[in-house]
Amino acid sequence: MTQSETSPSSGGTKRRDLLTTATVTLGCAGACALAVPFLTSLKNPAATTLSDKTLEVDLSSLAPGQDMTVQWQDWPIFIQRRTPQMLAALQTPAHIATLRDADSKMLQQPKDATNWHRSVRPDYGVLVGICTHLGCVPSFEKPGSAPEAEGGYFCPCHGSHFDAAGRVAQRAPAPYNLPVPPVTFLSDTKIRIGHSAGDPGFSMSDIQQI
Ligand code: FES
């Protein structure tokens with residue numbers, strides 16, 4: 001199955017937990033109403049869609065601690081440039097103890113992002129910006145904006161917290177970590193989203209829940 005077959009616009013099957021399906025049907029009215037205008041505003045000049053539906057993104061303007069959002073297929077994609085402080089915060093035992101799936105055992109990412117930073121390179125994080133609870137779009141929490149938020153994400157719909165690696169907090173209503181798309185670094189400051197050189201067989205349809 002190709003990646004485009006799993007995109008929201010293609011009607012590909014989603015594997016959101018059956019327990020939440022009925023609620024999703026009702027809740028999507030609000031969440032989707034938020035997501036559609038959000039997506040239409042994602043015209044980022046740093047991103048170029050290629051003919052094979054992969055997305056090339058120039059990261060050269062992204063300063064440490066900053067994030068940017070681009071659109072790949074019909075998903076918002078969060079890209080963050082992590083500081084040494086953000087990376088240190090991801091590894092503290094006290095923080096790890098608060099996470100539901102600290103070791104990314106659930107299949108929410110390609111193999112080359114199945115690590116403590118959930119990314120190909122520790123200094124850049126790339127995540128699908130769709131909450132795994134009912135599909136709202138979380139917001140970036142700048143490093144230092146809150147004691148527990150060293151560059152993480154907060155979903156305003158029902159209060160799920162994700163850390164800078166997209167790992168969900170144990171007490172959050174969201175059941176899974178944020179999905180990670182396939183990513184390849186073309187240079188130090190350019191990535192391609194939609195293909196993983198480290199896990200070439202990976203497809204978004206492999207993701208447990210998006
Ligand atoms: S949609 Fe419910 S916490 Fe995000």
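In this predicted model, the lining of the largest cavity consists of 7 nonpolar residues and 1 polar residue, with no charged residue among them. The residues that form this lining are Ala 113, Ser 119, Val 120, Tyr 124, Val 126, Val 180, Val 183 and Phe 185. Two strands, β5 and β9, each contribute at least two residues to the lining. The volume of the largest cavity is about 50 Å³, and the count of cavities of 30 Å³ or more comes to 1.

The protein as a whole contains 3 helices and 10 strands. Along the sequence, these elements follow the order α-β-β-β-β-α-α-β-β-β-β-β-β. Further values for the whole protein are set out in the table.

| Property of the protein | Value |
|---|---|
| Buried share of the 210 residues | 48% |
| Share joining residues at least 24 apart, among contacts between residues at least 6 apart in sequence | 62% |
| Accessible surface | about 9,800 Å² |
| Share of the accessible surface belonging to carbon and sulfur atoms | 58% |

One residue may be considered in detail. Glu 56 lies in strand β2, which spans residues 55-58. The side chain of Glu 56 forms a polar contact of 3.0 Å with the side chain of Arg 192. When neighbours within four places in sequence are left aside, Glu 56 is in contact with Ala 46, Ala 47, Thr 48, Leu 50, Leu 186, Lys 190, Ile 191 and Arg 192.

Definitions and conventions
Residues numbered from 1 in each chain as written. Predicted model: local features only at pLDDT ≥ 70, side-chain atom pairs only at ≥ 80, totals over all residues. Heavy atoms only, no water. Helix = DSSP H or I, 4+ residues; strand = E, 2+ residues; numbered from the N terminus. Buried < 20%, exposed > 50% of the residue type's maximum accessible area, 1.4 Å probe, protein only. Contact = heavy atoms within 4.5 Å. Areas by Shrake-Rupley, 256 points an atom, 1.4 Å probe, with all protein chains shown as cover. Polar contact = N/O pair within 3.5 Å; in protein donor to acceptor, adjacent residues only side chain to side chain. 1 Å grid on protein atoms, 1.4 Å probe; cavity = no way out; pocket = protein on both sides within 12 Å on 5 of 7 lines; lining within 4 Å. Points joined across faces, edges and corners; volume = space filled by probe spheres on them. Nonpolar A, V, L, I, M, F, W, Y, C, P; charged D, E, K, R; others polar.
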